[in-house]
Amino acid sequence: MNRDAAKAPSATEGAGEAATAADGGSGGTLSRLWQHAVRIARQIIGIPDYGTYVAHLRAYHPDRPIPTYAEFFNERLEARYKGGGGRCC
């Protein structure tokens, strides 16, 4: 029997440590990349960024109430598709 094989770590042992070390230990890099990708995808399909909207309201319109995400989303949909019927192209 090979004694070195008994001392070798398993295939899964240390994998979490390597992943944690690669992203700074907190998953922050991967999380930021995911958030960035989501923001870009939403911009591509025409959904404005809720966080940016809330920051704008707080900075420039402090008297207005902050809508929930659902209210914001519905307002954006109505603004995009208002006028009834829809469009051809």
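**Close-up views of the model**

Figure 1. The model shown is predicted. Phe 72, at 1% relative accessibility, is buried.

**Figure 2. Geometry of the pair formed by Tyr 53 and Phe 72.** Two aromatic rings are described by the distance between their centres and the angle between their planes. The structure contains five aromatic pairs. In the pair of Tyr 53 and Phe 72, the ring centres are 5.0 Å apart and the planes meet at 35 degrees, so the pair is tilted. The angle falls in this class because planes under 30 degrees apart count as stacked and those over 60 as edge-to-face.

Figure 3. An α-helix has 3.6 residues a turn, so residues three or four places apart point the same way. Tyr 69 is partly exposed, with a relative accessible area of 34%, and Phe 73 is also partly exposed, at 27%.

**Figure 4. The aromatic cluster.** Ring pairs connect Tyr 50, Tyr 53, Tyr 69, Phe 72 and Phe 73 into a cluster.

**Figure 5. Pro 67 and its contacts.** Pro 67 is located in the loop between helix 4 and helix 5. Its relative accessible area is 11%, so Pro 67 is buried. When neighbours within four places in sequence are left aside, Pro 67 is in contact with Tyr 50, Tyr 53, Leu 57 and Phe 72. The C-alpha atoms of Pro 67 and Tyr 53 are separated by 9.8 Å, and the two residues are 14 residues apart along the chain.

**Figure 6. The salt bridge of Arg 76 and Glu 75.** Side chains of opposite charge can pair when their charged atoms come close. One salt bridge is counted in the structure. In this bridge, the side chains of Arg 76 and Glu 75 meet at 3.3 Å, N to O. Arg 76 is partly exposed at 30% relative accessibility, and Glu 75 is partly exposed at 32%.

**Figure 7. Helix 3 and the residue that follows.** Helix 3 (residues 28-45) has 18 residues, which at 1.5 Å a residue should span 26 Å; the C-alpha atoms at its ends are 26 Å apart, so the two values agree. Just after helix 3, Gly 46 adopts a positive phi of about 90 degrees.

**Figure 8. A nonpolar surface patch.** Ile 40, Ile 44 and Ile 45 make up a nonpolar patch on the surface, and together they have about 300 Å² of accessible area. Ile 45 lies in helix 3.

**Figure 9. The chain as the setting of the close-ups.** The chain has five helices and zero strands, and its elements run α-α-α-α-α from the N terminus on. Of the 89 residues in the chain, 8% are buried. The chain exposes about 7600 Å², of which carbon and sulfur atoms supply 57%.

Technical notes: Residues are numbered from 1 along each chain as its sequence is written. This is a predicted model: local features need pLDDT of at least 70, side-chain atom pairs count only at pLDDT 80 or more; totals for chains, interfaces and linings use all residues. Side-chain values use heavy atoms; hydrogens and water are left out. Rings of Phe, Tyr and Trp (its six-membered ring) pair if their centres lie within 6.5 Å; planes under 30 degrees apart count as stacked, over 60 as edge-to-face and the rest as tilted. Buried means under 20% relative accessible area, exposed over 50%, partly exposed in between (1.4 Å probe, protein chains only). Helices (H or I, at least four residues) and strands (E, at least two) are DSSP runs, numbered from the N terminus. The expected span of a helix is 1.5 Å times one less than its number of residues. A salt bridge is a side-chain nitrogen of Lys or Arg within 4 Å of a carboxyl oxygen of Asp or Glu. Patches are made of residues with over 30% relative accessible area and no salt bridge: like charges are joined within 9 Å, nonpolar side chains (Val, Leu, Ile, Met, Phe, Trp, Tyr) within 5 Å. Accessible areas come from the Shrake-Rupley method with a 1.4 Å probe; for residues, only the protein chains shown count as cover. Contact means heavy atoms within 4.5 Å.
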